[in-house]
Amino acid sequence: MKNYLFLLASAVSIHAQDKIADVLATEGKLSTLSSILYNNPALSQLLDDKSYGQRTFLAPSDIAFAKYVSGANITSAESHPSQTQMEAMLAYHIMNGSFPASSLASPGGVAASTFLQDTQYTNLGPEGRSGNVVYASKYGSSGEAGAAGKLEVFGGVGGSAPIVRTDIQYGNGYVHVVDDLLPLPQTCTGSMGKLSLTSLLQALNRAALAQTIDTTPGVTCFAPTQEAFAALGNPEGKLSPAELSGALMLHTLGKAAYSPELKTGTSYPTLAKGQSIKVSREGGSLYVSGSGGGKAKVVRGNVIVKNGVMHVIDQVCTPHFCDK
């Protein structure tokens, strides 16, 4: 009889953890999130409704919300994000699929679609993913570090959130607790501004390509650093718009290619007519090279943008080679 009662109690306990609200209520330091979901039942339904398939919730902790409030200088009710904004923020923390920590921590990392489908933040085109993407890795922003570090998730404008508690199971997948809110994706040029890539922005504006790079659905932008432009004598202010346009198109793929999708030894056609770049990996780094040789190292990978992804590189590529 005692064994039967124990099994019955265990079954009731397991059933009680089926709903996301019940799981959050039993976890410490998630009270802010619990309150938000209580007041936004559509989000709770999105997490619980099995008709959508399994999912993985990157649950922001009380610490994450406190950091957000402080960083956004929220001092009054009027300055709080709207319900629409909050729904977008949390939809970006819901990964489409079941991802235990062991899969997220695998070498190379994982790029996964989320439920962020708001067109203000997502424009991946009819052949792209339905929701914008987050990238998870234990090996840095491009998944290539030689040794494993902390498990992080990367989102908009290169922001990241450490996963501090993993593999909390509920009826529809997994919950991983994060100690930061992921920034929502911005446009390519907006992200460049946030990352202080001002020479690249100047080049795009002089070539009249800023709007194109921001609005074309599903792109990959290899974005040279300030130091890369300076090493070439700041060509953004010297080359003609046509010359700049040719060089910039070499830095752009016509599809969103997150680092796990960039295959070693494969050449990818760029938007520069007849030009491609080739991907290589060595020494714990990801590289791209032009047809004339030379290599540009990815120094910051998987910066998620509204219409795809940006990888920051340490050299400027020309239509024939990557200058050393």
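Colleague: What is the bridge partner of R281 in β12?
Modeller: R281 is bridged to L286 in β12. The model is predicted, so local features need pLDDT of at least 70 and side-chain atom pairs pLDDT 80 or more, while totals for chains, interfaces and linings use all residues. Residues are numbered from 1 along each chain as its sequence is written, and side-chain values use heavy atoms, without hydrogens and water.

Colleague: In which sense do β11 and β12 pair?
Modeller: The pairing of β11 with β12 (residues 285-290) is antiparallel and has five bridges. Strands are DSSP runs of E with at least two residues, numbered from the N terminus, and a pair requires at least two DSSP bridges.

Colleague: And how many residues lie between β11 and β12 in the hairpin?
Modeller: There are two residues between them, and G283 in the turn has a positive phi of about 55°.

Colleague: What about β10 and β11, how many bridges there?
Modeller: Three bridges join β10 (residues 267-269) to β11 (residues 276-282), again in the antiparallel sense. One of the residues involved is Y268, whose bridge partner in β11 is I277. This hairpin has six residues between its strands, and G274 in the turn has a positive phi of about 75°.

Colleague: Changing topic, where is E144 found?
Modeller: E144 is in the loop between β4 (133-137) and β5 (152-154).

Colleague: Why does E144 count as buried?
Modeller: E144 counts as buried because its relative accessibility is 16%; the cut-off is under 20% relative accessible area, with a 1.4 Å probe and protein chains only.

Colleague: Which residues is E144 in contact with, leaving aside neighbours within four places in sequence?
Modeller: E144 is in contact (heavy atoms within 4.5 Å) with Y139, R281, G284, S285 and L286. Two of these, R281 and L286, are bridge partners.

Colleague: Next, the second largest pocket: which residues line it?
Modeller: The lining consists of L124, G125, P126, E127, G128, R129, P217, G218, G254, K255, A256 and Y258. A pocket here is an open set of points on a 1 Å grid over the protein atoms alone where a 1.4 Å probe fits, with protein on both sides within 12 Å along at least five of seven lines; lining residues have an atom within 4 Å of a point.

Colleague: From which domains does that lining draw at least three residues?
Modeller: Domain 1 (20-178) and domain 2 (188-323) each supply at least three residues to the lining of the second largest pocket. The domain bounds come from an automatic or database assignment.

Colleague: Finally, what percentage of the chain counts as buried?
Modeller: Of its 324 residues, 51% are buried.

Note on methods
Helices (H or I, at least four residues) and strands (E, at least two) are DSSP runs, numbered from the N terminus. Buried means under 20% relative accessible area, exposed over 50%, partly exposed in between (1.4 Å probe, protein chains only).
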